[in-house]
Each structure stands twice: as C-alpha cells, then as structure tokens.
Amino acid sequence: MGQHRRTLNIWVAYFMPVLMLGVIGFATWVFLDLVCVRYLIHTHSRHKTATGLITVYSILLLLLLLSYLRIVTTLTFNPGYVKRGPAAGKKKRRSRKNKRTLEKAQVDGPGSLSDVDAGAGTEGEGNDSDDAEDGVRDHDDMELDAEGGFGFLPPGTGESTTSALPNAGPPFLAPASKSATPASPTFTQSLAGFLSPNTARAAKDAKRDARAAKKVASKSNPYRGSWQPIERPQSSSRGLSNLAEFLELDCFVCESDGLPRYCPTCDCWKPDRSHHCSEVGRCVMRMDHFCPWVGGVVAETSFRYFYQVVVYGMLYCGFIIVTLAILVHEKNANTQTVDGKWIATIALASLFGLFSFGMTLSTTQLILGNLSTIDSLAAKTKVYQLALLDPLATSLGPSAPGLGPVYNPITDEYVTTAVRVWLPHDPKPGEQQRCYAIVKTEKGENPWRLEGWYGNFKESLGGPWWTWGLLWGVPKAGTTGGRTGAMGGIQTRGWYRFNEDIIRRLRKEAGIKEPERTL
C-alpha cells in the first residue's frame, strides 16, 4: 500500500505544476480579457477601474509566479539532501533481497529458508527510518541489545546499559546499573517462533496461521514492520564522512550509545531534524513534507519560498473572488446575464483560495512553534534524547582523576545524573575524545523553539524580516545553529539554534560544569 501511495505522489508531483499553470492561465484570460477589457472598457468605458484592477492583478500574479518558479528550481537544483554514504546503493539492493526473503518465508513457511536467507534478514528495508511514510518514528526506543547490536525494540522490552557502550569512559561516569533484562531475540529466532511448521495441520492451515500471526504482530508492534534488528555502524566506520561534523557540535540528537541517528538506506548519520523521504529515497535536511503541488520535498532550503507561494496564492485568489463577486452582483442588479466563465473562475479561485488560506494558517502556526509538519505529528508527546558536550570532562580526558559523581546535599549522596560517553569510541592516534552527557527533554518540549515569535520566524525563514519576501539568500542547510561560535559561548553549537534556557537546564540536571576561564 505504501509503495502505491509513493508512486501516486510522484506522478501527482509531475502533473500538478502543469495543472496549476493551466488554471492560472485560464483565470488570467478571463480576468484580463473578458472582465477588464471587454466588460469594463469596451462595454462601460470604465478605464480607471480596469487599469487599477489590471495593475493589482499583474503584481499579485507576478509575485505568485516568481515564488512558484523559485521553489521549483530550488527543489530541482538545491533540495537540501543529506550526503549519502558509500554503501547506500549496496544496502538498498540487499534490503530488497531481504524483503523478498521474508515474504517467501511468510508464505511458504520456514522450511523454504536456507541458512543464508535466514541470516540475511537482519538488514531490512523496513528499518530505513522512513519518517515520511510511517509518520514520526520515535528513535528513543532504539536500544542496545545484550550482544551490542542495535535494533528497534518495542517500548518496555528492555533498557540499554552502559556496559554495552564501547569505551564508555571511567566507571564513575556511568549510572547505577539496573537489573539485567533478557536479551532480545534475534531475527532468525523470532521468525522461527511465529512461523514454526505444524506437521499436524495441512499446508493451508499453516499459511493461514502465518498470515494471522503476521497481522497480530503488526498491530501489537508500534513500529509495524520495523521489528527486525538494525545493523548500525560504530564510530570506527570512517566511510561515513559526516560523523566528524557531529563531533564539532556542543549538542545533537543521539541514540542511547551517544552516536547520532543512522539511516541504513542512505548510509549516513542523520543531522538533527532531518528525515528520510520515501518519495525521493533520500534523507532531507529539516524536512517539512512532500508536496505534490510544488513537485517535491519542502524542506529547509525551500521552506521560505513555499511560505511565499501559499501567502501570495491566498492574496491572488482572494483578489479574484472579491472583484468578480462585486461585478457579478452588479450584473445581477442590472438584470444582465452572467458569463459562465466568470462563475467557473470564481469556483476555481474559491477552491484554490480555501486551500491556500488553510496552508497559510497552518504553516504560520508551525513557524510560531519552530516545528516542521513531521515534528508536529508528535509534538505533544515527543521526547528528544540529546548528546550534550561536557567541556570540563573533555578538557581533562577520559582517564583524569577527580571527575567523580555529583554530590547531592539534600540526600547526602553522590549520584550520577546522566550517562557519559566518549566520542569517537575508538579515536585515531592524536585524535581527542569528547565527553557527552546523554540527556532527555521533557515530554512535548521542543528544544529548538525560541522565545518570542520573531526569533522563530527568523529561524524558520532563514533571515531577518526584510529577507522574508526575497527570492534568494536562504542560508546553507544546517548552518544556522552557531557552528562557528566558541565552545562554552553564548550560543550552543548545533545543527540549528537551540533554546538556551532548555539547554542550560539540561546542563544543570546532568551536572555539567563549564571549564574555568583563564584571563
């Protein structure tokens, strides 16, 4: 079903711009020729009224066409894709084979699987973090299993322990150990568990039971199809060129091992607020949504132009509706026949105007909250897991003494407030490790929502107010987070600008202290 929907979206994206231009062309012919020239000028000699209407209409039409052309060219030449890793194509071919293998097993039973086929199922296409297809998938529930592998586990099935973290640093930087949980079953064990052959039943009954088990598993698992373990590379995977970019930051979204989110389809570490779009098969920087009306993925590089399109479209359609409604009322008052093309133009303008008005309101609401459309789907329940740099521990090094747990004077105990990890896990000779504390935001808390409406508009549209109507000047994707600022400065370095009040509170909760500055 998902594949058919993606195919439909792609074809609509190809067809919709042509339809939009055709509708605009029809409305232009009716408004300029039939209304302004033939009716106002030739019939009633109202030259000033016609000139004013033609001028306003031309300005609105020009703004709409220029912004629409700008977003189409941006989506074509600068869509804001995340750079893929060297194994992206190989993983995609392997995942297709695994999908066929799984489908074969579900229909024919486990006896049809060879040992090679059964083992190949550990890398499935269902684990490609396809946020555009399946909504927002909460990656905070991805936990380390007992063998150090990394996979999707349903909430409540287990918790990660710092003993599974490679080179996690001094033992006093780890939290108190929790009761061990049973290791999660491997893909082969799980597959054999619910597809075990029943020799007492006929082949038809076995196939029916397999389909029923698959249906139950799909309903009970919130990830629906993503229950297969994921192979995530460690920080030693130097082929993933964008990992070094994360280690230059003070804060980024991470998994339980401290490493960033990983997309196996694109073979890359996913920057904050990026998502994988199934329609284009790529991870996109600060993706908002796939829009067939503009023919591509609305994201960071095109969001300003999309907002311009919906605002200008609303004004354009509203102008046509008001003008034609007044003239139609005038003709009815004079008992004149109203041209059917006028009515058709009003109907089209009302349809597209209602859509543009709704999109303008919803997009403005998202901008005020500094949210994308995808992020808004779970805005009230989302909990972000962040890797927050500990400058003091980083400056002293993993083996430095005196970095004991934090003393709590209320309970008269030494407690560790957050897990610390050292990245990269296996540094090269002469490469410095950086200490990060793993922290979590409150439920429904957006760490990128800034104080005041202007800051959120400035961050979302890529500049101060006088640039919001420009057709150029959008910053390079992922560069608005103060990445060139000094560590420990006023602004926390990240892919995007953080709410400093939230980051300051998380630092305090994690017991992070700034290094002493020498004059």
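**Notes on the interior**

1. In this predicted model, the largest cavity has a volume of about 310 Å³. Its lining consists of 22 residues, and those closest to the centre are Met20, Leu64, Cys317, Phe352 and Ser356. Counting cavities of 30 Å³ or more, the structure holds seven.

2. What kind of residues line the largest cavity: nonpolar, polar or charged? The lining has 19 nonpolar residues and three polar ones, with no charged residue.

3. Four helices each supply at least two residues of that lining: H1 (2–43), H2 (47–77), H9 (303–333) and H10 (340–368). H9 gives the most, with seven residues.

4. The largest nonpolar core has 47 residues. Within this core, the residues with the most contacts are Tyr57, Val294, Phe306, Tyr316 and Trp342. The elements that give it two or more residues are H1, H2, H9, H10 and helix H13 (453–461). H9 again deserves attention here: it gives the most to this core, with 14 residues.

5. Leaving aside residues up to four places away in sequence, Phe306 touches Ile71, His289, Cys291, Val294, Val298, Met359 and Thr363. Of these neighbours, Val294 is itself listed among the residues with the most contacts inside the largest core.

6. A further core, of 40 residues, lies apart from the largest one. Its members include Leu389, Ala418, Trp448 and Phe498.

7. Now the aromatic rings. The count comes to 19 aromatic pairs. One of them joins Trp293 and Phe352 in an edge-to-face arrangement, at 5.8 Å centre to centre with 90° between the planes. This pair links distant parts of the chain, 59 residues apart: Trp293 sits in the loop between strand E9 (289–291) and strand E10 (296–298), and Phe352 in helix H10.

8. Are the two partners of that pair buried or partly exposed? Trp293 has a relative accessible area of 26%, so it is partly exposed. Phe352, by contrast, is buried because its relative accessible area is 14%, under the 20% limit. Phe352 is also one of the residues closest to the centre of the largest cavity.

9. Why is the pair of Phe457 and Trp468 classed as tilted? The ring centres lie 5.3 Å apart and the planes meet at 35°, so the angle falls between the limits of 30 degrees for stacked and 60 for edge-to-face. Phe457 belongs to helix H13, and Trp468 to the loop between H13 and helix H14 (500–509), so the pair ties together parts eleven residues apart in sequence.

10. Some overall figures for the record. The protein has 14 helices and 15 strands. Of its 519 residues, 45% are buried. Among contacts with a separation of 6 or more, 71% are between residues 24 or more positions apart.

Methods. Residues numbered from 1 in each chain as written. Predicted model: local features only at pLDDT ≥ 70, side-chain atom pairs only at ≥ 80, totals over all residues. Heavy atoms only, no water. 1 Å grid on protein atoms, 1.4 Å probe; cavity = no way out; pocket = protein on both sides within 12 Å on 5 of 7 lines; lining within 4 Å. Points joined across faces, edges and corners; volume = space filled by probe spheres on them. Nonpolar A, V, L, I, M, F, W, Y, C, P; charged D, E, K, R; others polar. Core = buried A, V, L, I, M, F, W, Y, C linked by side-chain atoms within 4.5 Å. Buried < 20%, exposed > 50% of the residue type's maximum accessible area, 1.4 Å probe, protein only. Contact = heavy atoms within 4.5 Å. Phe/Tyr/Trp six-rings, centres within 6.5 Å; stacked < 30°, edge-to-face > 60°.
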